[in-house]
Amino acid sequence: MQNGTRPERPGLLERLDAGPVICAEGYLFEFERRGYLQAGAFVPEIVLAHPDLVAQLHREFVHAGSDIVEAFTYYAHREKMRLIGKEDVLEEINRQALAIAKDVAYESGALLAGNICNTNIFTADDHSRHAVRAIFEEQVGWAVDAGADLVIGETFSWGEEALIALDVIKASGKPAVITLAIHQEPTTREGWTPEEACRRLEAAGADVVGLNCIRGPKTLLPLLKSIRDRVSVHVAALPVPYRTHDAQPSFQSLLDPAYPDPPNGRPFPTALDPFTCNRYEIADFTREAYDLGIRYLGVCCGAGPHHIRAMAEALGRTPPASRYSADMSKHAFLGTDPSLKQENRVYARKL
Ligand SMILES: [Zn+2]
């Protein structure tokens, strides 16, 4: 890895003031799908086992339009590493993930983001408050050592856990992006509405507040509107690319009538395929969120590079991957190009 000196370029807040910023997420799901990460514990052991593949996925997302390379430290925190009996490589996995992301950020001009997330041990008592803070402090410390341009704290179901994450990030001096995970009930676990939680985060100094994961475009948008109306800072929107709806608003609650008895008792997390949003649905979401005034956009668990490219193009951009965006005019049967065989176009009705 090079990790050389990077040229001067705008930071997160300058970019947001100039226009939208895209952050691709969803590394756990993508590597699970590819066969390099186990559903269940969902720990990113691939960072140590196959660093080249992690770098490659970062590159694919940047190629598709992501402005941020988010170090793959999601669930690489002390509690998760303890759970799988690998606490001894906690620091190594974090430093390695940051180094991989830094390489791609430096070569591409994207921003490097450190990442912390829900610990799953927060219970709103003093013991868990201290334990959670310690987890965040060590991870944010490694992100600072790596020269992160910002730190993302994400997928918090507890508003208070998000506030602790924010406090730790602010103490590091890095810009803080904090996104909450809102499940079926449209509140945090302590009962705050998303907009109330985001107002508290804004008051505590968050640079960007919003929602990520859990909900698909259709059930995330109404919550985003309430947040956008009530905070002054930039708002983040990173849905999962699944067709959630009012009766099943989270991807964990989705049920598949065509396959009613999947191994886990529900499609989440390994049988969600038939619910996947196509790229055009992500483009529609992007335009709707942008029209609400939301400038920090991305896609979470389930995202593929084609979703990120659709998001970028919906914002009027042409990332390198746009070179290969669909052009059906030369399709042998469905195309319109005059050089194509007329007989094939007639036969197209039978395809
Ligand atoms: Zn997610």
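Two residues are in contact if their C-beta atoms, placed from the backbone, lie within 7 Å. The exercises below concern a predicted model.

**Exercise 1. Determine whether L272 is buried or exposed, and which residues it touches away from its sequence neighbours.**

Step 1. Locate the residue: L272 sits in the loop between β7 (234-238) and α11 (279-292).

Step 2. Apply the burial criterion. A residue is buried if 20 or more other C-beta atoms lie within 10 Å of its own. L272 has 23 C-beta neighbours inside 10 Å and therefore counts as buried.

Step 3. List the contacts. Once neighbours within four places in sequence are set aside, L272 is in contact with Y242, F251, L254, P267 and G302.

Step 4. L272 and A176 are 96 residues apart along the chain, and their C-alpha atoms are separated by 31 Å.

**Exercise 2. Describe the backbone and the burial of C213 and I214.**

Step 1. Most residues other than glycine have a negative phi, and most peptide bonds are trans.

Step 2. Read the torsions. C213 is not a glycine, yet its phi is positive, about 65°. I214 likewise has a positive phi, near 70°.

Step 3. C213 is found in the loop between β6 (208-212) and α10 (217-230), and I214 is in the loop between β6 and α10.

Step 4. C213 counts as buried because it has 28 C-beta neighbours inside 10 Å. I214 is buried, with 25 other C-beta atoms within 10 Å.

**Exercise 3. Characterise the packing of α4 against α6 and against α12.**

Step 1. Take α4 and α6. Helix α4 (residues 51-64) packs on α6 at an angle of about 40°, and the axes are 10 Å apart. The angle therefore makes α4 oblique to α6.

Step 2. State the handedness: α4 passes α6 in a right-handed crossing.

Step 3. Identify the residues that meet. From α4 come P51, V54, A55, H58, R59 and V62, and from α6 come Q96, I100, A101, D103, V104 and S108. The residues of this contact of α4 with α6 divide into 7 nonpolar, 3 polar and 2 charged.

Step 4. Turn to α4 and α12. Their axes come within 8 Å and cross at roughly 25°. Angles under 35 degrees count as roughly parallel, so α4 is roughly parallel to α12.

Step 5. Complete the description. The crossing of α4 and α12 is right-handed. The contact is made by E60, F61, H63 and A64 of α4 together with P305, I308, R309 and A312 of α12. By class, this contact of α4 with α12 has 5 nonpolar, 1 polar and 2 charged residues.

**Exercise 4. Find which residues touch the most other members of the largest nonpolar core, and which element gives the most to the core.**

Step 1. Note the background. In soluble globular proteins, nonpolar side chains tend to be buried together.

Step 2. Identify the residues. The largest nonpolar core has 107 residues, of which A101, A113, V151, A165, A237 and Y296 touch the most other members. The element that gives the most to this core is α6, with 8 residues.

Step 3. Inspect Y296. Apart from its neighbours within four places in sequence, Y296 is in contact with L16, V21, C23, V177, V208, G210, H234, V235 and A236.

Step 4. Examine a further partner of α6. Helix α6 (residues 90-108) and helix α7 (residues 126-145) pack at an angle of about 35°, with axes 9 Å apart. The crossing in which α6 passes α7 is right-handed.

Step 5. List the residues at this contact: E91, N94, R95 and L98 in α6 meet Q139, W142 and A143 in α7. The residues of the contact of α6 with α7 comprise 3 nonpolar, 2 polar and 2 charged.

How values were computed: Residues numbered from 1 in each chain as written. Predicted model: local features only at pLDDT ≥ 70, side-chain atom pairs only at ≥ 80, totals over all residues. Axes fitted to C-alpha atoms, helices over the stretch in contact; angles between N-to-C directions. Helix = DSSP H or I, 4+ residues; strand = E, 2+ residues; numbered from the N terminus. Left-handed = near helix turned anticlockwise from the far one by under 90°. Nonpolar A, V, L, I, M, F, W, Y, C, P; charged D, E, K, R; others polar. Parallel < 35°, antiparallel > 145°, perpendicular 65-115°, else oblique. Core = buried A, V, L, I, M, F, W, Y, C linked by C-beta atoms within 7 Å. Buried ≥ 20, exposed ≤ 12 C-beta atoms within 10 Å, placed from the backbone.
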